[in-house]
Amino acid sequence: MNWIGLIVSYLYIGLVIVGAKLFEKWGKEASRKFIHIMLGNWWFIAMYFFTNVWFAIIGPASFVIINYISYKKNIIKVMEREEQDGFGTVYYALSLLILAIVSFGIFKNPSLGLVPTLIMAHGDGLAAVLGKIVKSKKYKLGETKKSFAGSLTMFAISLILVTAYLAFTHSMIFFQSTHWILVSVLMAFAITIIEAMSAKGTDNITVPIVTLAMIILIG
């Protein structure tokens, strides 16, 4: 199963990169965000196939190197911005590597990395897309400028994913206490603030790692 998972992983990543070409007619950013969002779904493949941490980290580890080379040489053009403004793609792969080590290796609980990965991929990705489509006021937090529409999208998706995870893992008590609803809201708010403060692609590492830390602390 582990070898099959490795093959399926690379096939899926390849298909996502090829599929991103279809979005280039809407601009370079559209193809980048397609890759950003879709690659997060790789975690479902990892959870289904991998039982060995070493197989789980091969894909992310290889793409830390591949993405760095692509960033420097502009090899995977559908993935790179025309004006380089940070190691966002490298941080993305590095986050998956850290999540895989912690989830598959240290805790031996692959589901730990699911919500952090999906929030990084879908939350951050859709926040950027809707932040540009929906007209709203901008605000500055630290060195970054964000839109209220984008941050609201990030908060909503984070809240949905965190609530679903907590409801599943604490099903016996989740719906019996408003405490857990408050925990979900506070986590989603913290994640949104972290994303808003992270400059130059660093949200690809701060958001999933902090989310993972909060999930582990909650237990």
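**Helices crossing and packing**

Helix α7 passes helix α9 in a right-handed crossing (the near helix is turned clockwise from the far one by less than a right angle). Helices here are DSSP runs of H or I, at least four residues, numbered from the N terminus. The structure is a predicted model, where local features need pLDDT of at least 70, side-chain atom pairs count only at pLDDT 80 or more, and totals for chains, interfaces and linings use all residues. Residues are numbered from 1 along each chain as its sequence is written, and side-chain values use heavy atoms, leaving out hydrogens and water.

Look at α7 (residues 148-169) and α9 (residues 178-197). Their axes come within 8 Å and cross at roughly 140°. Axes are lines fitted to C-alpha atoms, for helices over the stretch in contact, and angles run from 0 to 180 degrees between N-to-C directions.

Now turn to α1 and α3. Their axes come within 9 Å and cross at roughly 170°. That makes α1 roughly antiparallel to α3 (over 145 degrees). Asn2, Ile4, Gly5, Val8, Ser9 and Tyr12 of α1 meet Trp42, Ile45 and Phe49 of α3. Contact means heavy atoms within 4.5 Å.

Finally, find α2. Its buried residues (under 20% relative accessible area, 1.4 Å probe, protein chains only) include Phe34, Ile35 and Ile37. Among the elements covering the buried residues of α2 are α1 (2-20), α3 (42-49) and α5 (88-106).

Key. Helices (H or I, at least four residues) and strands (E, at least two) are DSSP runs, numbered from the N terminus. Buried means under 20% relative accessible area, exposed over 50%, partly exposed in between (1.4 Å probe, protein chains only). Angles under 35 degrees count as roughly parallel, over 145 as roughly antiparallel, 65 to 115 as roughly perpendicular and the rest as oblique.
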